[in-house]
Amino acid sequence: MTRSDAAPLVGVVGGSRSDFPILEQAVAVLTELGVRSELTVVSAHRTPDQLFRFAEEAAGRGIRVIVAGAGGAAHLPGMLAAKTALPVIGVPIPTEHLGGLDSLLSIVQMPRGVPVATVAIGNATNAGLLAAAILALSDDGLATRLAAWRARQTQAVLDDPSNQPSPPTEA
């Protein structure tokens, strides 16, 4: 299959629509960096055949990185990684009873040979930035935009008066 220039490069998937408020952070930073993405529901437990199709067809559709958010048992990132050679970045979704620790442990405990990069609980922004960094290895324009994004972040910290040293106190 030939990749269209309008095809998404990053597939952002959640186990349900309730994951979208977190995963939209990844889409937002990717959009800011000029990286095309798609956001969709693919459930490891409710739609396993769709999950297999998504993973098996992703590369042929032009997807280069998958960001997968999951809560609770959090099987989605690992199942996707088992069915594709594309890099998969797991986003543990916060949960009601364990705050997302259950999600984090489920995602990060992948067996040897089936890697899933994992970011902090609820931190889809970092998942989007990691996806962009992976893509930037072969895209000089994106590498420049990513470097500028990071420089702006650094400058914002430096420019914030609340981050300046307090004046010396007298003894």
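Trainee: What should I know about the model itself?
Mentor: It is a predicted model: local features need pLDDT of at least 70, side-chain atom pairs count only at pLDDT 80 or more, and totals for chains, interfaces and linings use all residues. Residues are numbered from 1 along each chain as its sequence is written, and side-chain values use heavy atoms, with hydrogens and water left out.

Trainee: Which side chain meets Arg152 in a salt bridge?
Mentor: The rule asks for a side-chain nitrogen of Lys or Arg within 4 Å of a carboxyl oxygen of Asp or Glu. Here the N to O distance is 3.7 Å. The partner of Arg152 is Glu32.

Trainee: How many residues apart in sequence are the parts that this pair ties together?
Mentor: Helices (H or I, at least four residues) and strands (E, at least two) are DSSP runs, numbered from the N terminus. Glu32 lies in helix α1 (residues 20-32) and Arg152 in helix α6 (residues 140-159), so the pair joins parts whose separation in sequence is 120 residues.

Trainee: Where do Arg61 and Glu38 lie?
Mentor: Arg61 and Glu38 form a salt bridge, with the closest N and O atoms 2.6 Å apart. The pair ties together parts that are 23 residues apart in sequence, because Arg61 lies in the loop between α2 and β3 and Glu38 in strand β2.

Trainee: What is the relative accessibility of Arg61?
Mentor: Arg61 is the residue that pairs with Glu38. It counts as partly exposed, at 27%.

Trainee: Which residue does Lys83 meet in a salt bridge?
Mentor: The N to O distance is 2.9 Å, and the partner is Glu56. Lys83 lies in helix α3 and its partner in helix α2, so the bridge links parts 27 residues apart in sequence; the name is Glu56.

Trainee: Which ring does Lys83 lie over?
Mentor: Lys83 is partly exposed, at 29% relative accessibility. A charge sits over a ring if NZ of Lys or CZ of Arg is within 6 Å of the ring centre and within 35 degrees of the ring normal. Lys83 is 4.5 Å from the ring centre, over the face of Phe52.

Trainee: How many salt bridges does the rule give?
Mentor: Side chains of opposite charge can pair when their charged atoms come close. By this rule the count is three.

Trainee: Which backbone nitrogen lies 3.3 Å from a polar atom of the Ser43 side chain?
Mentor: Ser43 sits in the loop between β2 (37-41) and α2 (48-58). Ser43 is buried, at 5% relative accessibility. Its side chain also reaches the backbone nitrogen of Arg46 at 2.9 Å. The nitrogen at 3.3 Å belongs to His45.

Trainee: What is phi of Ala74 near?
Mentor: Ala74 is in the loop between β3 (65-70) and α3 (76-83). It is buried, with a relative accessible area of 4%. Phi is positive in this residue other than glycine, near 55°.

Trainee: What accessible area does the nonpolar patch with Leu101 have together?
Mentor: Leu101 lies in helix α4 and is partly exposed, at 46%. Patches take residues with over 30% relative accessible area and no salt bridge, joining like charges within 9 Å and nonpolar side chains (Val, Leu, Ile, Met, Phe, Trp, Tyr) within 5 Å. Leu98, Leu101, Leu105, Val108 and Ile121 form this surface patch, with an area together of about 430 Å².

Trainee: How far apart in space are Pro115 and Leu23, C-alpha to C-alpha?
Mentor: Pro115 is in the loop between α4 (101-108) and β5 (117-118), and it is exposed, at 65%. In sequence, Pro115 and Leu23 are 92 residues apart; in space, C-alpha to C-alpha, the distance is 20 Å.

Trainee: In what order do the elements of the chain run?
Mentor: The chain has six helices and five strands. Buried residues make up 38% of its 171 residues. From the N terminus on, the order is β-α-β-α-β-α-β-α-β-α-α.

Terms used:
Buried means under 20% relative accessible area, exposed over 50%, partly exposed in between (1.4 Å probe, protein chains only). Accessible areas come from the Shrake-Rupley method with a 1.4 Å probe; for residues, only the protein chains shown count as cover. A polar contact is a pair of N or O atoms within 3.5 Å; within protein, one must be able to donate a hydrogen and the other to accept it, and residues adjacent in sequence count only if both atoms are side-chain atoms.
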